[in-house]
Every structure is written in structure tokens, then in C-alpha cells.
Amino acid sequence: YGFGPRVPALIISPWAKPGHVEHRTLEFASVLKLIEVIHGLPPLGPRDRRANHMLDAFDFDQEPLEPLILEPRDCSIAE
């Protein structure tokens, strides 16, 4: 059946490469593949075995980026 519709992803991490655009095909199992690669774990199944990892989007040697602190908002519904 193939992959189906495309789903955008944002990587929010202190070690994310600023402005990085990934050009390889990633899928939901790519997150699992990343964890397996980082920790030296075997694949859980055929899908994550075939998936591309997301390591190119990270730079673990860089100084971690500052945390993204947003101003709190009141999202309560006024009656």
C-alpha cells in the first residue's frame, strides 16, 4: 500500500541542528530507529529495521540550545 499521506514533523530538542531540513524519507518508525541506534539496541521488528534514523537532524557535540520559554497564556473560556 505504500506510505500514505505525508505528515510534517518538528524536532524540538536542545541538540537539534538549527535550520536542518531532512531530505530522506522518514516514517513514524524512524523515531524508534533513532532510539535503537543511539542506545545500540536491536530492531523490534521489520518496519523499524528498514526505517531511516533521524540522527542527521541532531548535533550532540554542539552546546545545547537555550530552552524555548513561552509566555503563559490564559486559555480559559470566558462566560
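## Salt bridges and buried residues in a predicted model

The side chains of R47 and E27 form a salt bridge, with N and O 2.4 Å apart. A salt bridge is here a side-chain nitrogen of Lys or Arg within 4 Å of a carboxyl oxygen of Asp or Glu. R47 belongs to helix α2 and E27 to the segment before α1, so the pair ties together parts that are 20 residues apart in sequence. Helices (H or I, at least four residues) and strands (E, at least two) are DSSP runs, numbered from the N terminus.

This is a predicted model, in which local features need pLDDT of at least 70 and side-chain atom pairs count only at pLDDT 80 or more, while totals for chains, interfaces and linings use all residues. Residues are numbered from 1 along each chain as its sequence is written, and side-chain values use heavy atoms, with hydrogens and water left out.

### The salt bridges

Side chains of opposite charge can pair when their charged atoms come close. A search of the whole structure gives 3 salt bridges. Besides the pair of R47 and E27, R24 has a salt bridge with E22 and another with D56.

| Salt bridge | N to O distance |
|---|---|
| R47 and E27 | 2.4 Å |
| E22 and R24 | 3.0 Å |
| R24 and D56 | 3.6 Å |

The pair of R24 and D56 joins distant parts of the chain: R24 is in the segment before α1 (29-39) and D56 in the segment after α2 (46-50), 32 residues apart.

How accessible are the residues of these pairs? The terms are set by relative accessible area: buried means under 20%, exposed over 50%, and partly exposed in between (1.4 Å probe, protein chains only). E22 is partly exposed at 23%, R24 is partly exposed at 30%, and D56 is partly exposed at 35%. R47, at 47%, also counts as partly exposed, whereas E27, at 16%, counts as buried.

### The surroundings of E27

The side chain of E27 makes a polar contact with the side chain of R47 at 2.4 Å. A polar contact is a pair of N or O atoms within 3.5 Å; within protein, one must be able to donate a hydrogen and the other to accept it, and residues adjacent in sequence count only if both atoms are side-chain atoms. Apart from its neighbours within four places in sequence, E27 is in contact (heavy atoms within 4.5 Å) with F3, R47 and A51.

### Helix α1

Which residues of α1 are buried? They are A29, S30, K33, L34 and E36. Seen down the axis of α1, these buried residues fall within an arc of 165 degrees, so they line one face of the helix. The arc is that of the directions from the helix axis to the C-beta atoms. The buried residues of α1 pack against α2. After α1 comes G40, which has a positive phi, near 65 degrees.

### Q62 after α2

Q62 is located in the segment after α2 and, at 18% relative accessibility, counts as buried. Its side chain reaches the backbone oxygen of P14 at 3.4 Å. A polar atom of the Q62 side chain also lies 3.1 Å from the backbone oxygen of A16. When residues up to four places away in sequence are not counted, Q62 touches P14, W15, A16 and P18.
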